Amino acid sequence: MSSEPPIDAPSGRQVWVEDDRTSMHPAALRRAFHDHLRFSRGRRIDEATAFDCYTALALSVRDRLVERWNATERAYAESRCKRVYYLSAEFLLGRLLLANLQALGIEHAYRSVLADLGIDLDEIIDHEPEPGLGNGGLGRLAACFLESLATLGLPGSGYGIRYEFGIFEQVIRNGQQVERADEWLRFGCPWELARPEYDVEVQFGGQSLHLPDQHGGYHVVWRGADRVYAVPHDIPIAGYRTSHVNALRLWRARAGREFDFDLFNAGDYVRAVEEKNASEVISKVLYPNDNFEAGRELRLRQEYFFASCSIQDIVRSHLGTYGTLANLSDKVAIQLNDTHPAVAIPELMRLLVDQHAMTWEAAWKHCVTSFGYTNHTLMPEALEKWPVELMARLLPRHLEIIREVNRRFLREVITAYPHDRERAARMAVLDEASPPQIHMAHLAVVGSHAVNGVAQLHTDLLKSRLMKDFHELYPTRFCNKTNGVTPRRWLLACNPELTSLVRSRIGDGFVTNLERLRELEPHAEDTVFRASLREVKRHHQERLGELVRRELGVEATSDHIFDVQVKRLHEYKRQLLNLFHIVHLYLRAKRGETVTPRLFLFGAKAAPGYRLAKIIIRLIHAVADVVNKDPRVPEVRLAFLPNYRVTLAERIIPAADVSEQISTAGKEASGTGNMKLSMNGALTVGTLDGANVEIRAAVGEENFFHFGMTVDEVVERRRSQPAGRSAYLASENVRAVVDLISDGFFSPDEPALFRPFIQGLLENDEYMVLAEFEAYAACQARVAEAYADPERWSRMSALNIARIGGFSSDRTIQDYAREIWGVSPVRVELPAYRSTPG
C-alpha cells in the first residue's frame, strides 16, 4: 500500500486502495491464501499439507485482523479513553479460525474460494490445535468476555500466561484417567505476535532494603535474588462484524541468562542451562499439582509472574500516553477474575510507592478505585490462602505491603466495631494463627472498589454468608453480575443449522442482541417450526452418535434421549448422582419395566491430584462397561467422551436433549454450560443453584425440570443428618444401587474396588447424593413423560431458546462497563477503501 492515498478522479476525494492484505474481495482472498502458502510456508498448492493450508489461511485472516487492530489501538490512543484490563489465570479460547472468519464476514467467501481449489474449509478447521489455556468455566467465561468487549466496541484487553502446555490431554486407560501433556504450541500459533521489545523483568526472593532519603524519611528498594523476563505474545480478539480488534496479551517466561558458557566450558553441561530451565518452568504448565510443596511454590510464582508483568505493562502504557500517574484510576480499570491475580494489588502499591514515590494514601486510593474483584466460589476451602513463610521467601516486599494493608484495614474494622475482636480476626487479610496465612480473597475485597458474584443467588450468599462481615462494613461495594456466554460461538458457530432456522423466522439481529430471541416466542406455537427444530436436533444427534460409535463403540440413535452432563469433575457437581440414577434405570430395565431409551453422555476432567474425582471417573467407566455390553437392556447406554474441551463441547451441546445441572444447592457460583445448552434447545434438569435459579425464572418453571432442596434446607440436612446411611435405610432404590456397586457387580475382578468409596458416602453424604436421590429419580420420570409427547417437548425447547436472551455475555459486559469499570464504546474507523479485485 502506498504511503499517500491516491485521488479518486470523479469525486476529488482521497481514498485508500485495498491490497491483498486488507481486501475482502474473493479474488484478493484467493491471492492472499496463495501468497502465504508460497512465501510463509514455502509450498506450492499442489504439495501443501493440511497444516500448510491451515497456517496459510490463518495468516491471511490475521492480516485483516491486524489492520483493524492497529486502527483500534489508534482510536483508543487518540480518544484518550479509559481502558479496562481483564486479568485471568485462564483463557479457554477454543479454536479461532472459524470465529475470526465469521467475525470478519468472510466465512462464505473463503468456503467458495477454497472449494474452487478442491479444499474443504471444515477439514482445515479440524487441523487447528486448540489452546488449552484454561481448566473450565472460569477460562471459558474470560474468553467470552473478551469477545463481547470487542463486539461492543469497548476499550479493553486481557492479560494471562502463555502456558507452553495447557490443561492436560485426558486419556482413559482401563477406565482410569491418565494425563498427557497438551502440546498446543508444537507447531506454533499463527494468531500470535511476539513482542520481545516489550519484555518485563520480574523478581523473586532476595530482600527489601529500607534506605534513608533526602527528606529525612526512607524509601524501599527490593533487591530480588532471582530475575525472570516476561515476553508478551499478543493474540487479536475480533469483534463480530465491527472494526474493533482488542488484544489478549499472554506472558512467556524467559531466563535472565539463557546459557552459562563458563559452566559449559568446564564440562558442567547440565548446570549450564539450569537457570534457563528453572526460570522458564513458570510458564510451562497450567496449574501444577499443588498437593506438594514444590507445586504450591510454582503456582505462587506463576500468579505473581503474570500479575507483576501485567501491572508493570499497564503502568508503562499509561505513562507513555499521559506522562503522569496522577490520573491512573481515572483512565484504568483492572478486573481480577477470581483470586489468582490478587497479588496484583500489592504489586501496584509497590510500583506506585517504591518506584514512583507516591504517598501510601494516594497510592491506595488509586489502587482501590482501579481494581474490581470477581468471586467465583462459595466454598471456603477453595478460596486461596498462601503461607506467610512462602510469601516471605518469594515476595518479601509484598509481604511487607500486605502487613501494612492488614494493619490499616484492621484499624478500620476496630473503629467500626470497637468491641468485636472476633470479627476483626475473621476479617484479617493476614491470619496470624498457626501457621500464619494470607487470605487472598480478603485482600481482593479490601483492595477493590467493587466485588461481584456471578449469579444473583451466588451474590446473595456472598453477602449473607461467605463475606457477611465484609458486606456489613462495605455494603455498597458488593454487586451482582450474572454470567453470560457469547452467542457467536455457542449458537452461530457451533449450531449453524439452528441459527439458519432462527434467522428464517426473526432475521439476523439476535446475533448481536440476543434479547431479540424473544421474537421467536410466537413461533413456538407453530407445528412447522417445531418440526424443523426437531430436524435440527436430529441432525446433530446423528453426527454425535457417529462420533460415539467411532470413538467408543457405543450404539445409540436419535430415538434415544441425549442426556448430557459435561463440566469439570467435582463432587459438588454430582456426576455421581447422575450415575446412580443410570444404575437405577438399568435395574428397572432388567426387571422388565418400561424405560425410555437414553444415551447418557459425560465429559469431564478431574484435577490430577483430586483422588475422589478420579475414582468417580473409574466408576463411570466400570458401569459403562457392564451396561453397554448387556444386549437385554438396549434402552440404557452410557458414554464418557474423553478429553472434554471447547471443540468437543461444540459437538455435544447442539445435540443435547437434556442438560444436567444438578450441583448441590449453594455450591455452584453460576455455571455457564446451563446457558449454552438452553440456548441450543436442551431442557434443564436442575437444582436451585447458581444461575439455574435465573434461567428457570426466565424460561418458565413449566419448561425447567426442578428438583432438590434449597440452600437453607441443605444446610439444615447437613447439620441434622450428615451421614448418608439414613437415606440408604429409607430408600429401597438407594439400597439397591449402593449395594450393587459396593458388592463388586461392576468390578468383578476387584470386588472391593469401590467399597471404601461407598462406605465414605454412607458415613458423610456431604453433597447430598443419597439424600436427594429419590427426588432426582422422580424428576427424571417427569422428563421421560414429557419426552413421550414430541410436540410438547419441542414447544418447551423452543421457549428455552426464545427466552434465554438475557444470558448473553454482551449483557454481562455492558453491566460491568456501566456499573463497575466506567468505560464507554469508542468509534473505530477504517480507511475509505475502493476495492480492486485485480
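Predicted model: local features only at pLDDT ≥ 70, side-chain atom pairs only at ≥ 80, totals over all residues.

Reader: ok, how many residues of E2 are buried?

Author: Five of its five residues are buried, where buried means under 20% relative accessible area with a 1.4 Å probe, protein chains only. Strands are DSSP runs of E with at least two residues, and helices are runs of H or I with at least four, numbered from the N terminus.

Reader: Which residues are on each side of E2?

Author: Arg83, Tyr85 and Leu87 are on one side, and Val84 and Tyr86 are on the other.

Reader: And which way does E2 run against E12?

Author: E2 and E12 (residues 332–337) run parallel, joined by five bridges; two strands pair if DSSP finds at least two bridges between them. Arginine 83 has valine 332 as its bridge partner in E12.

Reader: What about E3, how many bridges there?

Author: Four bridges join E2 to E3, also in a parallel run. Tyrosine 85 has serine 157 as its bridge partner in E3.

Reader: New topic. Where is serine 148, and why does it count as buried?

Author: Serine 148 is in helix H6 (residues 137–151). Serine 148 counts as buried because its relative accessibility is 0%.

Reader: What is serine 148 in contact with?

Author: Apart from neighbours within four places in sequence, serine 148 is in contact with Arg488, Ser809, Asp810 and Ile813. Contact means heavy atoms within 4.5 Å.

Terms used:
Residues numbered from 1 in each chain as written. Heavy atoms only, no water. Buried < 20%, exposed > 50% of the residue type's maximum accessible area, 1.4 Å probe, protein only.
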